[in-house]
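Keep the viewer open and follow along strand by strand.

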Amino acid sequence: MRKKKKKLKRSVKSFFCICIFVGLTYLLFEGVNYYITINKNLTPVFNHEEYFYAEDFGINVIKSEYDFDNDGIDDYSDILLGAQKERDMNPTYVSKYYDGGYPPDDEGVCTDVIWRALLEAGYYLKDMMVYDITKDQENNTSYYDIDYRDDNIDFRRVGNQEVFFKKYTESLTTNIYDIEEFMPGDVVVFDYGAHIAIISDKRNENGIPYLIQNRDPSQEEKEEDRLEKAEMSVTGHYRFTFSNDLKRLIEKIS
């Protein structure tokens with residue numbers, strides 16, 4: 001009889017031990033699950049579109065041999081950096097006239113992306129264009145199609161910027177499928193002066209580069225995979241390569 005009681009006590013004790021073990025295991029499992037769930041909910045989830053870089057397609061990114069502002073960064077990289085700062089600033093698309101020419105940092109149009117990007121490399125596009133347009137009119141050379149000069153707005157017009165780039169920078173292919181010919185920091189013009197943008201260092205799955213641009217008020221982000229999908233065609237492609245002509249121009253306005 002005593003043996004049966006002892007056996008029964010051991011069975012009850014074992015049962016309770018098993019219950020306690022199961023209960024603790026369950027609580028531990030739930031605690032770990034809760035911790036993971038809470039941390040998952042607190043962790044930001046970024047659903048970025050997948051993008052690539054030049055090296056993913058075996059393309060070597062060209063660096064400028066010149067560093068105009070002597071900051072240790074070559075001109076092409078500086079121009080890209082300036083465009084990226086514009087991207088991050090994400091200014092509102094506002095098209096209007098400003099006394100003095102320059103819009104506030106949080107406003108702008110497509111042409112403002114260009115002079116702001118060049119400014120990162122130390123180039124003052126407004127000063128260079130004002131001088132060049134003035135001399136063009138004085139010499140009756142008619143590069144710029146301007147009847148009445150206005151220094152506050154002429155440098156912010158796409159057509160005028162393209163005339164300047166044709167005169168002083170390197171002209172390249174407009175075939176966007178020659179992907180190895182498009183480098184970060186290049187300038188592209190659409191439909192003969194309808195729009196202008198900067199080439200990004202990002203590329204889509206076809207190797208076509210993204211654009212950094214301020215195209216219209218509906219645009220949410222300034223860096224987009226739109227070069228291949230754009231309603232307009234690329235009609236101009238320029239690289240801001242330092243040249244003797246550019247050097248002489250800068251010396252004249254210094």
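Where is Tyr102 found? Tyr102 sits in the loop between strand 1 (92-93) and strand 2 (107-108). Bear in mind throughout that this is a predicted model. Tyr102 counts as partly exposed because its relative accessibility is 34%, which lies between the 20% limit for buried and the 50% limit for exposed. Together with Leu119 and Tyr124, Tyr102 makes a nonpolar surface patch of about 280 Å².

Now turn to the open sheet of six strands, whose order is 3-8-4-5-6-7 with antiparallel pairing. Its edges are strand 3 (170-171) and strand 7, each of which pairs on one side only.

| Strand pair | Sense | Bridges | A facing pair of residues |
|---|---|---|---|
| Strand 4 (187-190) and strand 8 (234-239) | antiparallel | four | Val187 and Tyr238 |
| Strand 5 (195-203) and strand 6 (209-212) | antiparallel | three | Ile199 and Leu211 |
| Strand 6 and strand 7 (223-224) | antiparallel | two | Leu211 and Glu224 |

Leu211 is worth a click: Ile199 has Leu211 as its bridge partner in strand 6, and Leu211 also stands opposite Glu224 in strand 7. Strand 5 and strand 6 form a hairpin with five residues between the strands, and there Gly207 takes a positive phi near 85°.

**Helices on the sheet**

Strand 4 and strand 8 are joined by four bridges. Helix 5 (residues 158-168) packs on the sheet and touches strand 4, strand 5 and strand 8, its direction making about 50° with that of strand 8. Helix 3 (residues 110-120) also packs on the sheet, where it touches strand 4, strand 5 and strand 6; the direction of helix 3 makes about 60° with that of strand 5.

**A closer look at Leu118**

Helix 3 is the place of Leu118. Is Leu118 buried or exposed? With a relative accessibility of 2%, Leu118 counts as buried, because the cut-off for that class is under 20%. Beyond its neighbours within four places in sequence, Leu118 is in contact with Ile79, Tyr123, Leu125, Phe165 and Phe240. Leu118 and Gly185 are 67 residues apart in sequence, while their C-alpha atoms lie 9.2 Å apart in space.

Key:
Residues numbered from 1 in each chain as written. Predicted model: local features only at pLDDT ≥ 70, side-chain atom pairs only at ≥ 80, totals over all residues. Heavy atoms only, no water. Pairing = 2+ DSSP bridges. Patch = residues over 30% accessible without salt bridge, like charges linked within 9 Å, V, L, I, M, F, W, Y side chains within 5 Å. Areas by Shrake-Rupley, 256 points an atom, 1.4 Å probe, with all protein chains shown as cover. Salt bridge = Lys/Arg side-chain N within 4 Å of Asp/Glu carboxyl O. Buried < 20%, exposed > 50% of the residue type's maximum accessible area, 1.4 Å probe, protein only. Contact = heavy atoms within 4.5 Å. Axes fitted to C-alpha atoms, helices over the stretch in contact; angles between N-to-C directions.
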